[in-house]
Amino acid sequence: EWQVRAEFCEIEANAEVIWANTNSRASDIQRWAMAMITPATSGSGPKSILGVTNKMVEMFYTDKGVPITEAKQADWNYNDRLSLKTAGVNDRFYIKQGERTVALHFKREPRFYAFVGFDRGIWFGNWSGNYDAKKTIYHVATRKGETAARQGISNYCITGNYAKKLVHLQTAGAQSDGNVTGANMNVYPWPEIRLADLYLMYAEALNEVNGYSTETTRWINLVRERASLPTVEESWTNYSTDPSKYTTKEGLREIIQQERAIELMFEGHRYWDLKRWKKAHVALNQPIRAWDITQDKPEAYYTEILLANQRFYMRDYFFPIEISEMQINRNLIQNPGW
């Protein structure tokens, strides 16, 4: 997990970071992303106000490296994703052993466990500087009445899922009250451009020009290899219900777009990607779904609820031109819809 998280928030001697913005340092955003974790009992350190939607959770691949909606049923049953399962000994480094959670959290790719904090999910580090897996392994407990649950009118995760990727492994919360101060926060400069971003953009350009080739997928596969996933060719050929998808320009385009959505999640790229792909009016008009965090029993907690309905209009592909600018230059015409 740390190897995958480190490619984003461990900047020193990290060859993958092309531009680390020293004028934009990740401090408060770590508190906004952190979950309160047992043994902390109360406190105002982690704010937990950056909620990850269920749509984002479902975007990550299976452990075989294909979308959960395309996986062969023998490997991963999408229709069974909301049923409850008990974590066994083989799950102990991802999900608290003996605890029940939804099947959606099992048999997912390494980036899912590294990037997202979820109910009953393991969260390495963050408490009294414990980032040694040989020590006590902490987990997130988000149901009503538990440590990470809503305890007031603010500072809680509205979705039940946390942006763990943004939190440096050595950013620690005190066990007594969960407080996070400058003394125990590992602040890092924000990575504006990472090598994975460039690789995936290059693969995207190659696909648009030439379609599928091993040169096109070479750059995606470098990103997948670092995430401990099989190549595109191996994953789709062996584990997808659409095994030839990657061989067409349209199919490979979808694969590259999902790869970008996963690899660059929480880094500020998604909105701009959707706009340049002209998919924003589809993706950003879907309902925002989350768990029912007001419940204390898993059967009720894992009921998907509607948090909000997004609105993205065709006019939103452009920004409005300020009236003052149009008064200065009479030749300007307002963008459509504004």
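Colleague: Which residue forms a salt bridge with Arg111, and how far apart are the closest N and O atoms?
Modeller: In this predicted model, the partner of Arg111 is Glu263, and the closest N and O atoms of the two lie 3.0 Å apart.

Colleague: Where in the chain do the two residues sit?
Modeller: Glu263 belongs to helix H8 (residues 249–263), whereas Arg111 belongs to helix H4 (residues 110–115).

Colleague: What about Glu263 and Arg194?
Modeller: Those two residues also form a salt bridge, with 3.0 Å between the closest N and O atoms. Here too distant parts of the chain are linked: Glu263 is in helix H8 and Arg194 is in strand E6 (residues 188–194), 69 residues apart. Both Glu263 and Arg194 are buried.

Colleague: Which residues are linked in a network of salt bridges?
Modeller: The network comprises Glu16, Glu109, Arg111, Lys165, Arg194, Arg224, Arg226, Glu259, Glu263 and Glu267.

Colleague: And how many salt bridges does the count come to?
Modeller: The count is 29 salt bridges.

Colleague: What does Asp119 form with Arg120?
Modeller: Asp119 and Arg120 form a salt bridge, and their closest N and O atoms are 2.8 Å apart. Asp119 is buried at 1% relative accessible area, and Arg120 counts as buried at 6%.

Colleague: Changing topic to helices: at what angle do H5 and H8 pack?
Modeller: Helix H5 (residues 195–210) packs with H8 at about 170°, and the axes are 10 Å apart.

Colleague: Are they roughly parallel or roughly antiparallel, and why?
Modeller: H5 and H8 are roughly antiparallel, because angles over 145 degrees are classed that way.

Colleague: Is the crossing left-handed or right-handed?
Modeller: H5 and H8 cross in a left-handed sense.

Colleague: Which residues meet there?
Modeller: From H5, the contact involves Ala196, Asp197, Leu200, Met201, Ala203, Glu204, Asn207, Glu208 and Val209. From H8, it involves Lys249, Leu252, Arg253, Ile256, Glu259, Arg260 and Glu263.

Colleague: How do the residues of that contact divide into nonpolar, polar and charged?
Modeller: In the contact of H5 with H8, seven residues are nonpolar, one is polar and eight are charged. Glu263, one of the H8 residues in this contact, is also part of the salt-bridge network.

Conventions: Residues are numbered from 1 along each chain as its sequence is written. This is a predicted model: local features need pLDDT of at least 70, side-chain atom pairs count only at pLDDT 80 or more; totals for chains, interfaces and linings use all residues. Side-chain values use heavy atoms; hydrogens and water are left out. A salt bridge is a side-chain nitrogen of Lys or Arg within 4 Å of a carboxyl oxygen of Asp or Glu. Helices (H or I, at least four residues) and strands (E, at least two) are DSSP runs, numbered from the N terminus. Buried means under 20% relative accessible area, exposed over 50%, partly exposed in between (1.4 Å probe, protein chains only). Axes are lines fitted to C-alpha atoms, for helices over the stretch in contact, and angles run from 0 to 180 degrees between N-to-C directions. Angles under 35 degrees count as roughly parallel, over 145 as roughly antiparallel, 65 to 115 as roughly perpendicular and the rest as oblique. A crossing is left-handed if the near helix is turned anticlockwise from the far one by less than a right angle, and right-handed if clockwise. Contact means heavy atoms within 4.5 Å. Ala, Val, Leu, Ile, Met, Phe, Trp, Tyr, Cys and Pro count as nonpolar, Asp, Glu, Lys and Arg as charged, and the others, Gly among them, as polar.
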